[in-house]
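Here are my notes on the model you sent over. Have the structure open while you go through the points.

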Amino acid sequence: LRGAIGYVGEEGAEVFDTATGARLKELPSSFAQVEFSPNGRWLALSTLSDFQSLDAATLQVRKVFPREMSRGQPGHITFSANGHYLAYLKAPRLIELVDAATLESLATLTMPEGFQPWKFRFSPDGGRLGAFGDGTIHLWELPALRRELAAFGLDW
């Protein structure tokens, strides 16, 4: 694909070719969020019941991750600026950090009791992940997290 854009409507998510305007694929879901990786290689789709990773060139589903419904809305998804990481809302208080290329789960970040993230984003350098919700912001220093996991032989 030279360029594609995702659109979420009442009937589902659709992917369009930006050059021709042709609809490339319809992804049925009444509630969804669509996100392209910064390099345009991957497409992420979050619905009420799952998270899907698609190859943006072929629009074929690579993997489906089940998730718990949160607030009756699709869970938030975001890629790091370098496209290496993908984070998605796995459950109301859990953000799953995934290797975008291999789709291997790297870590599950647990929110404090009573905090449910609405949105989250990586810092421009990919070293931090920030989650916002209920008037509070939580930050994870990913290099520090990796050092702590390495002490247990769990670093990615």
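1. Starting with the surface: this is a predicted model, and its accessible surface comes to about 8,200 Å². Carbon and sulfur atoms account for 53% of that area. As for the inside, 44% of the protein's 156 residues are buried.

2. On the overall make-up, you'll find one helix and 14 strands in the protein. If you take the contacts with a separation of 6 or more, 31% of them are between residues 24 or more positions apart.

3. Have a look at the open sheet made of four strands, which runs in the order β4-β5-β6-β7 with antiparallel pairing. The edges are held by β4 (32-36) and β7 (61-66); each has a single partner strand, so one side of each has no neighbour in the sheet. From one strand to the next, the twist averages 15 degrees.

4. Zooming in on one pair from that sheet: β6 (residues 50-55) and β7 are antiparallel and share five bridges.

5. Which residues form it? They are Trp118, Phe132, Ile137 and Leu139, and together they have about 450 Å² of accessible area.

6. Is isoleucine 137 buried or exposed? Its relative accessibility is 60%, and because the cut-off for exposed is over 50%, isoleucine 137 counts as exposed.

How values were computed. Residues are numbered from 1 along each chain as its sequence is written. This is a predicted model: local features need pLDDT of at least 70, side-chain atom pairs count only at pLDDT 80 or more; totals for chains, interfaces and linings use all residues. Side-chain values use heavy atoms; hydrogens and water are left out. Patches are made of residues with over 30% relative accessible area and no salt bridge: like charges are joined within 9 Å, nonpolar side chains (Val, Leu, Ile, Met, Phe, Trp, Tyr) within 5 Å. Accessible areas come from the Shrake-Rupley method with a 1.4 Å probe; for residues, only the protein chains shown count as cover. A salt bridge is a side-chain nitrogen of Lys or Arg within 4 Å of a carboxyl oxygen of Asp or Glu. Buried means under 20% relative accessible area, exposed over 50%, partly exposed in between (1.4 Å probe, protein chains only). Two strands pair if DSSP finds at least two bridges between them. Helices (H or I, at least four residues) and strands (E, at least two) are DSSP runs, numbered from the N terminus. Axes are lines fitted to C-alpha atoms, for helices over the stretch in contact, and angles run from 0 to 180 degrees between N-to-C directions. Contact means heavy atoms within 4.5 Å.
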